[in-house]
Amino acid sequence: MVRLLVLGGRFAGLTAAYTAKRLLGDSIDVTLINDTPYSAFRPNMLHVGIGIAKAEDYEVDLNSALTAKGINFILGRVTGVDAKSNKVSYSTKDTEDEAIEYDYLVFALGAKLGIEHIKGWNEYGASACEPELAKALYARLEKFEGGNIAIGSGLFYQGTLTPRGNYPKNWSTKIDSACEGPVFELSLMIPPFLKKKGVLDKTHITIFSPGEEILTDISKESRNIVKTMYSNQGFDMVWNFKIKEIDKDKIISDDGKEIKADLAIILPPYEANDVVKNSTSDLFDDGGFMVTDEHMRSLNYPNVYSCGDSNQMTVPKLGALATQTARIAMQDLANRLGVPTKIDSYAPDIICIADNPLENTAISIDDTTLYGGDKSIVQASPANHIKKELFAKYFMWTNGDMVLDKYLGSG
Ligand SMILES: Cc1cc2nc3c(=O)[nH]c(=O)nc-3n(C[C@H](O)[C@H](O)[C@H](O)COP(=O)(O)OP(=O)(O)OC[C@H]3O[C@@H](n4cnc5c(N)ncnc54)[C@H](O)[C@@H]3O)c2cc1C
């Protein structure tokens, strides 16, 4: 039987594993390796960060979810991919040096949060990007009694997109921040949280970005709407701020600029997953992201696919692009294995709903201008908040099998 090995168990890896099984049934043996026993629904970690949800409520138990669909699960930490001999090495809690062979591989390990690029992170850094970070953020917000808060993102260590994959040029480009959606969402969530706590009047908020403005991946007109919103709320805005250091009461950029911050809430710098360093090097570009064609096949090793944040093509790093790339990859695989299947065309679109759950509203963004399109929508409505809630519930109901996610993403 053909062996498919999927590395990573979040949006991209889960979509790949479920889609492969749906399309290929018993003719394929699917195994997924992930380093945690559960898959955390990342978008709602922000809700955990402001204390209105528990991280445990957004965890899919991978062993039961996958085995119920006939997919094998290994709880282990992948350490390297040898694409020349079709082998992946990994460790588990009991063994250091395991190896597993594959016929086809899906590399969906995402990107790494490069907190080591920020001096002082361990003492003062705060974020909501992973369950433990989100819980720690809530602990700090609970104690916050007023002062300065800075919200922004670190740099994206993307490399130069060299070599480039074999796909239309406009699908991928250099960007300063890997994903500023969570920053935007936090800028909506934090003020109502502080208001409820009674300390909003005693707090000054600064929004910063490493880019020439926040959200440079959407149109100028849409950005202006966001900036007007920030001005109306009295936020300071600081652009071209490439954070290098966090101190007790300030953050410092690489060129010595400072922003007052008793609490700095940051989307950490993104960089390639550590596994890349110990893997066949010509799978990746100079930033460590995998170089593929438009069906997500590695150019040099066509039995290796890369989906989601680990693929060079996906910018910004978004769940909606992760599920889309995983679906396309497995449609391609089904055809190669003799099951005629329509292969979707990759249609990059920046779709995100920035939730404001304490005020029962949300702002949706739907924008294709980064890719040369003309769609540019920013829309606030209570219905968007319901959509975001539904998005999370759908992930949990389906154990991360996001077949209909495209209907839940935009406004
Ligand atoms: C706070 C936050 C909120 C977001 N909100 C949204 C949103 O609302 N909508 C949206 O579309 N996108 C959102 N995003 C972006 C989205 O979460 C990512 O684009 C998406 O998670 C990428 O999916 P992925 O499967 O490619 O990678 P990841 O989500 O990074 O998953 C990688 C998986 O691989 C595992 N892994 C990593 N290394 C190893 C290893 N060595 N061995 C074994 N397992 C390993 C990880 O534990 C993880 O399960 C958000 C991002 C953040 C940080």
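**Note on the predicted model and its ligand shell**

1. According to an unreviewed UniProt entry, the annotation "domain: FAD/NAD(P)-binding" covers residues 3-125 and 203-320. UniProt positions are given in the numbering used here, feature names are shortened, and annotations may be inferred rather than shown by experiment. The model is predicted: local features need pLDDT of at least 70, side-chain atom pairs count only at pLDDT 80 or more, and totals for chains, interfaces and linings use all residues. Residues are numbered from 1 along each chain as its sequence is written.

2. The two annotated spans can be described in turn. Residues 3-125 are 24% helix and 37% strand, and the end C-alpha atoms of this span lie 42 Å apart. Residues 203-320 are 13% helix and 26% strand, with 34 Å between the end C-alpha atoms. Helices (H or I, at least four residues) and strands (E, at least two) are DSSP runs, numbered from the N terminus.

3. The ligand has 36 residues around it, of which Gly8, Arg10, Gly110, Gly308 and Gly319 come nearest. A residue is near a molecule or strand if its C-beta atom, placed from the backbone, lies within 6 Å of it.

4. Several elements each supply at least two residues of the ligand shell: α1 (11-24), β2 (28-34), α2 (45-49), β6 (77-82), α6 (181-197) and α8 (319-336).

5. β2 pairs in the parallel sense with β1 (residues 2-7) over six bridges, and Leu4 stands opposite Val30 in β2. β2 also pairs in the parallel sense with β5 (residues 72-75), over four bridges; there Leu32 stands opposite Phe73 in β5. Strands pair if DSSP finds at least two bridges between them.

6. Together, β1, α1 and β2 make a right-handed β-α-β unit. Right-handed denotes that, with the strands pointing away from the viewer, the path from the first strand over the helix to the second runs clockwise.

7. Helix α7 (residues 220-232) has 13 residues and reaches 18 Å from its first C-alpha to its last, close to the 18 Å expected at 1.5 Å a residue. The expected span is 1.5 Å times one less than the number of residues. Just after α7, Gly234 takes a positive phi of about 80°.

8. One joins Thr162 and Pro163, with omega about -10°; Pro163 lies in the loop between β12 (147-153) and α6. Another joins Val315 and Pro316, with omega about -10°; Pro316 lies in the loop between β20 (304-306) and α8.

9. Positive phi also occurs at residues other than glycine. Asn240 has a phi of about 55° and sits in the loop between β14 (236-238) and β15 (243-246). Asn240 is partly exposed, with 14 other C-beta atoms within 10 Å. Asn360 has a positive phi of about 50° and lies in the loop between β21 (350-356) and β22 (361-367). Asn360 is exposed, with 11 other C-beta atoms within 10 Å.

Key:
Buried ≥ 20, exposed ≤ 12 C-beta atoms within 10 Å, placed from the backbone.
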